[in-house]
Amino acid sequence: MADVRDIRFKEPMARTAEALGNSCSTDGELEELHGDKMVLNMGPSHPSTHGVLRIILELDGEIITKATPDVGYLHRGDEKIAENMTYTQFIPYTDRLDYLAPLANNVAYALAVEKLLGIDKQLPPRCQYIRVICCELARISSHLLGVGALAIDLGAMTVFLLTFTEREKIYNLCESLTGARFTTSYTRIGGLSRDLPPGWVEQCRKFLHEVVVNIDETETLLTRNRIFVDRTQSVGVISKEDAIDYGLTGPNFRGTGLDHDLRKTQPYLVYDELEFDVPVGTAGDSYDRYLLRIEEMRQSVKILHQCLDKLPGGPVNVPDMKIVLPPKDRVLTRMEELIHHFINVTQGVNAPLGEIYFGHENPKGELGFYIYSKGGGTPHRLKIRSPSFVNLSILSKLLPGHMVSDVVAILGSFDFVMGECDR
Amino acid sequence: MEQAKTIINARAEKTAELARRLKAKFADLISEPEEFRGEVSLKVADAERMPEVCQFAKRELGFDYLVDISSIDNYGDDPRFTIVYHLYGYGHLCYIRLKTEVGEEKAEMPTVTTVWRTADWHEREIYDMMGVRFRGHPDLRRILMWEGYPYFPLRKDFPLAGRPTELPDVAFTEPAPMAGGPFVTIAGGKDTIAREPRVRIPETDALQTNARLERRRDIKEAHGRAYGPGPIEPKK
C-alpha cells in the first residue's frame, strides 16, 4: 500500500520545491510510489473560471507545480472594430468589455474621447455627478457579484442569492436610467444619452438604504465563517513587489497593502470634491481581497449619498453641437442643427491629431484607453488596457504551490471578467 | 479647485523634469518631449536600446509601473510599426509615454520583460496582433488567437471581415496530455454514453478515432476545408 503523504510545509513555494524534488528523485522506489506528474486542464468551461479562462495545471498529487493560463476564447477584435467606426458608434462595444459594470466602461470611454477632444474639463457639473453615480453603482454591482461568486465557489450558496437580489435592484435602476439592464450605452461623447428620469433619485436612495443592510448580512455570513476564512486566508498571497512588477491594479493591487486609487491620485470628474476613503489590505491574500471589496462597496454607498445630495441642476451635455447631437425638435426645424446632426451621425466628431491615454478606476482595476488619432471621426488605433488581462498574467506565478481547491478561491478573489480580458 | 490646479501644475513640472533627465542621460537617442493634453511623449530613436532606456526610467526615475504597451500600424509609411510604452510611477504619480519604431522587414525588437514582468503578456499580444517579435521574451506565443493562426489581425492590411482559415481540429492547440488513456473521454463521437470511459473498449476506441478522421477528410474533400456548412452524407 502506498504511503500517505501529508503536507509538511505550509509555505506554498516550499511545497512546490518539495514536489519538484520528488519527481526528479532517482530513487526507484520513490519514483514508483509518486509516479508521474499529471496535467489537469481547467476550463475554458468551468464554473469557477467565471467565463472562458483556461488554465493548464501541472499537478504533483494535489499540489500545483506549474500553471499556464490560456486566454482568448472570447476574443472579438474590439480594437479592430473600433478602427472602423466613429467614436460614438463604439460606445455599445464598451458595454461588452466588463459586462458586469457596463456603466463604468461607458464613462471611461467617454472620458477618454473627451480628453482627446480637450473637453473633459468643460463637462457640465450635472453630467459629472451623474457619471460618478453611474461609476459607483457599477462598482457596487461588480463587487456584489465578485463577493457572491467567490462565496458560491467556496460552497456558500446563500451569499450568492443575497448579493444577486441586490444586483437585481441595480439592474432595475439601470433599466429606468438607460432603457437597458445590461447593455447600457449610457454616455455620449460630451455628455449623456439622457437625463435622470423623474423619481430616480428617490429610487436610488431607497436602494442605498437596502444595500447597506445586505452588505452587513453578507459580512455576517462570511467574514467570521470558519470554513470561508480557512479557505481564503493565506491563500494566493501576493507581495507588494509582485503586485507592482506584474502591473496589478484595483482591489487586487490594494489588497497587498499598497495604496493607489486613480480616483484619488489622478482625480477625474468630481471625485476631488467627494469625501471617501480608499481601503487597503495587509496580507495580500484572498481573504483581504474579499474584505477590501466589502469596504469599497460601503465607500461607494457613501459617495453615492454625497452625489445624490449635491446633484446640481442644469444641462447634461456640453453646449457644442459639433460634438453632441442637437435636440431633435431643432434638427427638424433649423438648418444649422440639421447640418450638425447630419455631420455628427455620418462622419462623427472631428477629433484633432494626437494621442492620449486615459486610465479610469474601474471596479476591476485600471481600465485605460489609448487613442491614437490622425484626425477625423474614427481613431487610427484604439488600445484597451483592460485590468482583467493584466491581473490574470500573475496566475502562472501565483498558483504553483497551492492545492487544486485553492485555485477556486484565488480565481474567485481575483474577480476578473473574460469579456474585458479578451476584448 | 485651486488645490487641484496646483497639484496638476506640480505634476506637469515633475513630468517635464523627468523627461529632461531621461533626455540628458541618453542625449540624441531621445527626441524632444512632445506635449499634448498634458501628456508627455518621447521618441526613442533606436528600438534596440529600449530595454536600456526602460531600465533607467525604472531604476533612476521611479517609473516602477508599466501601464501598457501598445502598437500602431502606420501602413504605407516606413518604418511601419510604432510600439508605445506607457510608464507610471507610484512615487511621483506621473505618466510618461515612450515611443519607438520598428520596420516591417525586421519586425523585431528586444523585450522589456527583464525590466517589468507585466510586459510578458503585453508583448505576446503585440506579437499576436501585429506580428512584431520580441527578442529574449521567455515565452513568445500567440495569446488571443490560437497557435498556428497565419495572420496578424490588427495590421491595417487585414480586412475587418477577416479571412477564412483552417481551424485547428479540436479546441486544443496540442493533444491533451492523457488523451487516449483509459480514463479519458474521447472528444466528438456518438453520444456521451458511448464516450464514457468506463464502458469503452480499447479496440473500438481506435475504430472510432479512425472513422472520425476519415469523416473529416471527406468533409474537407467536399468543401475544401475541414469545417463546413453542415454535415455531409458519409460515403457508402
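One link here is B:Leu42, whose bridge partner in E5(B) is B:Leu98. Helices (H or I, at least four residues) and strands (E, at least two) are simply DSSP runs, numbered from the N terminus.

Zooming out, the pair sits in an open sheet of five strands in chain B, ordered E1-E2-E5-E4-E3 with mixed pairing. Strands E1 (34–36) and E3 (65–73) of chain B have a single partner strand each, so they form the edges, with one side lacking a neighbour in the sheet. On average, neighbouring strands are turned by 25° against each other, direction ignored. Helix H3 (residues 119–130) of chain B lies across E3 and strand E4 (81–88) of chain B, at about 10° to E3(B). Axes are lines fitted to C-alpha atoms, for helices over the stretch in contact, and angles run from 0 to 180 degrees between N-to-C directions.

As for the contact between the chains, chain A puts in 35 residues and chain B 30 residues, contact meaning C-beta atoms, placed from the backbone, within 7 Å. On the chain A side, E6(A) gives the largest share, five residues. That side splits into 11 nonpolar, 14 polar and 10 charged residues; Ala, Val, Leu, Ile, Met, Phe, Trp, Tyr, Cys and Pro count as nonpolar, Asp, Glu, Lys and Arg as charged, and the others, Gly among them, as polar.

Residues are numbered from 1 along each chain as its sequence is written, with chains lettered from A and ligands numbered from 1 in the order in which they are written. As the model is predicted, local features need pLDDT of at least 70 and side-chain atom pairs count only at pLDDT 80 or more, while totals for chains, interfaces and linings use all residues.

Notes:
Contact = placed C-beta atoms within 7 Å. Pairing = 2+ DSSP bridges.
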